[in-house]
Amino acid sequence: MTLTADQVTALAPDPGSANNGKKTAKPGNWANLGRNDAAMWGQCKGSALYNVAVDMSDWTTKCSCPSRKFPCKHALGLLYLFAQSATAIPTAADPPDYAAKWLEGRQQKAEKKATKAAEPVDPKKAAKAAEKALETAAKRHQTILAGLDNFDLWMNDLIRNGLATIESEGPDFWDAQAGRLVDAQAGGLASRLRRLASITGSGPQWPAQILGELGRFAMLSHAYRRLDSLDEKLRDDVRQTVGININQAEVEARGEIVADQWHIVGQWIDDDDIRVTAQRSWLIGETTGRVALIVQYKPKNIGNARYPDIIAAGTTVTGELAFYPSAFPLRAIVKSRAATISISDNIRGFETIDAFLHGMTDAITKQPWIDRWGSLLKSVTPVVNADGDWVIADRDRSALPLLGRDHWRILALSGGHPVNLSGEWDGQFLRPLAVLYENRFTLLSSLV
Amino acid sequence: MDEMTKLALIGTSRGAGGHAKTGTPVDALVEKAGVAEAERALLLRAGSAAMMAAGAVTPTTLDILPPPAPPETLPECPPAVATVIEPLLAGSERELQILAGNYVQQAGMRVSPNLLTMVLDLRINDVREAWRHTLGERGRWLATLNPEWKWAREIRVEIGESLPANAKQIWDEGHANDRLAVLKLARQADPAVAREWVRETWKSEKAENRLEFLGTFAEKLSADDEPFLVEALTDRSANVKQLAADLLLRVPTSALAARSRERAADLLAYQAGVTAKKKAEKGAKSAKKVRRRSLANLAKMPAPTGTLTATLPNAFDKTWANDGITDDAPVGLGKKSWWLLQLIGRVDPNFWVTKFNATPTEIVSAAFVSDDAPAVVIGLSQAVRRFDAKAWIGPVWDALNSLDDLVPNGLYSEVYETIETLTKQMPPAEIETRMMAALAGGNDEMLEMLDASVFAVLPRPWRPEFARAVVAGIREISAKAKDSRSYSSYPDSFSLPIVAVAIPRECLADVLAGPWAILDGDEDKFSWVGHEWRREITKFVDRIRTRQTLLETLGL
């Protein structure tokens, strides 16, 4: 198992911690270092002697310092040290007491959770809870319907008056209507609506694009009113897209569980929303070839917030994913993990751009509101022309345009030779996420 | 733009009526849905069309794929090196960046592809040159694709000690720095040929190049150069004009030189021996002087063994103006003294050696205590600069630094500049001797010895003896800083970074071994000066450690 400095930086809660971690990563600061297959540990000489341990199955860390950041700079220091040179940390059979106790504690918690889940449920309690749930759902349904009625009227007005009237409108225009949707408990639709602000007036295609997006919203509200006549799986999609969230337990209970070696091929942080940052990670299963998307949120106004789960890009996790119920299951959460190793060159991916695009076509055919598709493209070459336009070309010379104008780092890593590149496609542009070449995984975006 | 979008843009209330269609099966589907309002129908059609389009994207096809980078010839630097280099390239510690680049080049390696864009994005010339040969084939290939990386595309030539066979070609087509190097060699080999080269391209060169190329004439200067120099006197650039005039002065047979000698010859008179009264007077004067500038502490003015008297010129001769002598004096200096200064400044100092049969040291120490000391000393220093009079550099440097308060306000920056220039021209051994003597003193003024401007000009790496003395001095001063409240013992954040890259390899271990008293102990108990010292010494030791790591990981 190896780790690169970039991957460690991706685990840091903020750039300041990453830097402090790097500073701590000097052998002189550490004592009693050790690691085995499951964990890593050491004592760090900070303003006092701190005990640090890392659970290598999911990179959870523990440190005796008072910091409320996870991982703290001492834990990051240990990880950076390991990234610099694995031999800096000698192998040992057993961890010292403080680490052993913590690992044992985690093991027990996980077991407890499993047994609790398997416990038989008290039927009376369950019945009451179910009734309550139905009541809430019914109320919510009415609220949403009312909200959609308003929204549809608003959209009709727009078309009646003409999109030209909104060309010069700022984000407030969209935010106002989005706010009303949020009040109507249709938060999913609200986020999608907000994104239209950046498309307005952005280029010669903007009217067609906006019209297309509004059209999709119309399709969604149309479908919502006909939920009962929809396929069960599609019903889930319409609900989720509108904004009816389901929790982890329900996903694991109702969603498809797929076990595989899941390669975490790309990741980026969507910072647009005012209140949350979203971490989007794309995975592909080695045996099943399934594509999965893991989205995690972190609130912006809370200082030491962290993502619920540690999804480390550039690693392969052997375990189970639970997919959100859908006509084309794409979004998932991690249900269980057995082992984590570094990603290598020969993993599964899309061999041609055609195959990649076909993947998205397949997805849209089954779930038409899917608007982004990401995975690993194998053996593609970055190309820039004299105008500064970037594309990625496969061995058949089919090319997809890249989002943005500064991809020199990718070109430097490729040298004009084909490399493996992960990216997120939105129908127009590919956002490049990571380069995998000669068994080296380089994440392109700055994280945190 | 299709019909549907057009209609949506204008608005259905203004449209020509009728429902815009997509012309695909979508139309039938929407009709089946039985939607009443035209707007809603349009939206549904547009939405379906958009969904279909999203699933039907066809990629473009490139005609050809551009050729990849040529295969590399140099080995890639190991990951341990990349880890150390990356933060350096991202930061702004110039000296250390230059050192690291030189190390990698020395080791004959190239940087890893992941770091190439960072090297290509470097902005400062010195740093770029230090990293140029670490780019490898891929780096140069990348540079051809991005106009911002022009600097990396330039082909630099290795120019050794002797004139290469293709020297003329390099002069005609090469990079500016290479052209200068080859010109210098040509000048050494045959001044006449070098002169012809310069004359050929003179009119089309940029001012800064003209200045540099003209500067090469200082080597093997002779009467043959006079015609070209006279031509250069009419140059557009003031600096070039000034340099041409200075060079002409240095041609002993030139009319200008003869005129200048004539004008100055009678202004100074010298007699061996000092009267006892004068000695005592001058001694008292010296004691009152306040040493403000740090370098002053390095300067040692020997006691005078002769008497120098200056005669101030009575009137400003109109012919002087043609040769660049000005009438108006700078602030703090009398007019006549100013004329005296300029006239002395245009005569080769060795003229006085012959005339007075005295050594430079004797003349300067006498001048220092004379009545018109500022004018005479500064005048002599100008002459020393102009004529590159090597034997005079030491004594004049000492004198200038010791003038202190006596320097007229209006000449302060010129004197400072002259000191800087002379420091660069002074043989390093002389600077080192002065500095080491002062460091050994162990007094509080030791701190003042750590002067960045002096450190910057000494050739690197420093001699071990000197380096050890400086490190010992820093150790001692920093140890005392914990409790210091004196502002004057504030560390110089300019000189320590230079020390870190300038000391030779064999001294690194000593620094890393310590002890550094300032790094121990509870910081909360330190004075604020102590805090600053701890920070500076921490950075200092870190830089040394980085050097050590680079040397080890590069296998140097």
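Biologist: Is Asp152(A) buried or exposed in this structure?

Modeller: Keep in mind that we're looking at a predicted model. Asp152(A) sits in helix α5 (residues 123–161) of chain A. Its relative accessibility is 6%, and anything under 20% counts that way, so Asp152(A) is buried.

Biologist: How are helix α8 of chain A and helix α3 of chain B oriented to each other?

Modeller: Here we've got residues 206–225 of chain A and residues 38–54 of chain B, with axes that come within 7 Å. Those axes cross at roughly 105°. Angles from 65 to 115 degrees share one label, so α8(A) and α3(B) are roughly perpendicular.

Biologist: How many residues of the contact of α8(A) with α3(B) are charged?

Modeller: Arg225(A) turns up again on the α8(A) side, and Arg40(B) is one of the residues on the α3(B) side. The contact divides into 11 nonpolar and 6 polar residues, and the charged ones number 3.

Biologist: What about α5(B) and α31(B): how do they lie relative to each other?

Modeller: Their axes come within 10 Å and cross at roughly 10°. The contact includes Leu99(B) of α5(B) and Leu550(B) of α31(B), and its residues divide into 6 nonpolar, no polar and 2 charged. An angle under 35 degrees settles the label, so α5(B) and α31(B) are roughly parallel.

Terms used:
Residues are numbered from 1 along each chain as its sequence is written. Chains are lettered from A and ligands numbered from 1 in the order in which they are written. This is a predicted model: local features need pLDDT of at least 70, side-chain atom pairs count only at pLDDT 80 or more; totals for chains, interfaces and linings use all residues. Side-chain values use heavy atoms; hydrogens and water are left out. Axes are lines fitted to C-alpha atoms, for helices over the stretch in contact, and angles run from 0 to 180 degrees between N-to-C directions. Helices (H or I, at least four residues) and strands (E, at least two) are DSSP runs, numbered from the N terminus. Angles under 35 degrees count as roughly parallel, over 145 as roughly antiparallel, 65 to 115 as roughly perpendicular and the rest as oblique. Contact means heavy atoms within 4.5 Å. Ala, Val, Leu, Ile, Met, Phe, Trp, Tyr, Cys and Pro count as nonpolar, Asp, Glu, Lys and Arg as charged, and the others, Gly among them, as polar. Buried means under 20% relative accessible area, exposed over 50%, partly exposed in between (1.4 Å probe, protein chains only).
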